[in-house]
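User: I'm new to this one. Can you walk me through a few of its features?
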Amino acid sequence: MKNVLFITLVLTSLFVNSCGTGGKDLAPPSKDRVIDEMPSWMYVNPVEDGKIFDSATEVSQDLQMAFDKAEMKASKNMAGKMESKMRAATSRVQEELGFGDDSQMTDTFSNTMEQLVNKSLNGVRVVEKKPVREGNLWRAYVLISYDAADAAEQIMNEMKKNEAIQKRKAHKAELEDMRKILDEAFSD
């Protein structure tokens with residue numbers, strides 16, 4: 001009887017011990033390991049003429065959910081960048097082309113830019129992805145890009161189509177100046 005009790009205790013302690021050591025995966029990773037696993041494009045986004053880049057990271061127990069959350073976060077950041085560029089370009093158009101008194105022209109320019117940026121942010125592309133296991137979670141790193149040069153071209157095409165611009169044929173020079181401002185604003 002003592003042998004059975006002894007064997008039961010030994011087997012139970014081995015089982016408990018193996019359960020305790022198998023949980024190493026659930027321990028949070030060290031900060032050094034997390035930084036080592038981080039892709040270089042998270043520190044500094046790439047720079048390319050005519051494109052805007054942004055990156056983000058998110059965690060989830062499900063790998064696809066982590067990627068989806070990171071992509072959504074990067075897209076939100078990208079929209080903020082685009083909105084800032086829109087405001088700067090609109091302000092420059094007002095200052096440089098003297099549309100301060102011509103609110104219809106300014107409104108047309110602003111509205112066209114806003115509509116096209118909202119519509120064309122669907123053109124955001126995932127450039128790189130990197131999954132990293134952190135205990136029982138997945139950390140997803142995502143890098144996205146947006147073709148801002150194409151967006152500037154679409155804005156100009158819409159402006160040309162717009163009835164308010166066509167009625168003002170005297171503004172052809174201003175349209176060219178707008179093109180230059182848009183090219184400069186979206187080429188960083």
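Analyst: A definition comes first: buried means under 20% relative accessible area, exposed means over 50%, and partly exposed is in between, with a 1.4 Å probe and protein chains only. This is a predicted model, in which local features need pLDDT of at least 70, side-chain atom pairs count only at pLDDT 80 or more, and totals for chains, interfaces and linings use all residues. Residues are numbered from 1 along each chain as its sequence is written, and side-chain values use heavy atoms, with hydrogens and water left out.

User: Ok. Is V124 buried or exposed?
Analyst: V124 counts as buried because its relative accessible area is 15%.

User: Where does V124 lie?
Analyst: In the loop between α5 (103–120) and β2 (125–134). Helices (H or I, at least four residues) and strands (E, at least two) are DSSP runs, numbered from the N terminus.

User: And what does V124 touch?
Analyst: Leaving aside residues up to four places away in sequence, V124 touches S75, M78, I144, S145 and Y146. Contact here means heavy atoms within 4.5 Å.

User: New topic. How many salt bridges are there?
Analyst: A search of the whole structure finds four. A salt bridge is a side-chain nitrogen of Lys or Arg within 4 Å of a carboxyl oxygen of Asp or Glu.

User: Why would such side chains pair?
Analyst: Side chains of opposite charge can pair when their charged atoms come close.

User: Which residue does E37 pair with?
Analyst: E37 forms a salt bridge with K130, and the closest N and O atoms are 3.9 Å apart. This pair links distant parts of the chain, 93 residues apart: E37 is in helix α2 (residues 31–37) and K130 in strand β2. E37 is partly exposed because its relative accessibility is 27%, and K130 is partly exposed at 26%.

User: What about E134 and R139?
Analyst: Their side chains meet in a salt bridge, 2.6 Å from N to O. E134 is buried, as its relative accessible area is 12%.

User: And E48, what does that meet?
Analyst: The side chain of E48 meets that of K51 in a salt bridge, with 3.9 Å from N to O. E48 is partly exposed at 39%, and K51 is partly exposed at 29%.

User: Last one: which residues make the nonpolar surface patch?
Analyst: I35, Y43 and V44 make a patch of about 330 Å². Patches are made of residues with over 30% relative accessible area and no salt bridge; like charges are joined within 9 Å, and nonpolar side chains (Val, Leu, Ile, Met, Phe, Trp, Tyr) within 5 Å. Accessible areas come from the Shrake-Rupley method with a 1.4 Å probe, and for residues only the protein chains shown count as cover. I35 is in helix α2 and is partly exposed, with a relative accessible area of 46%.
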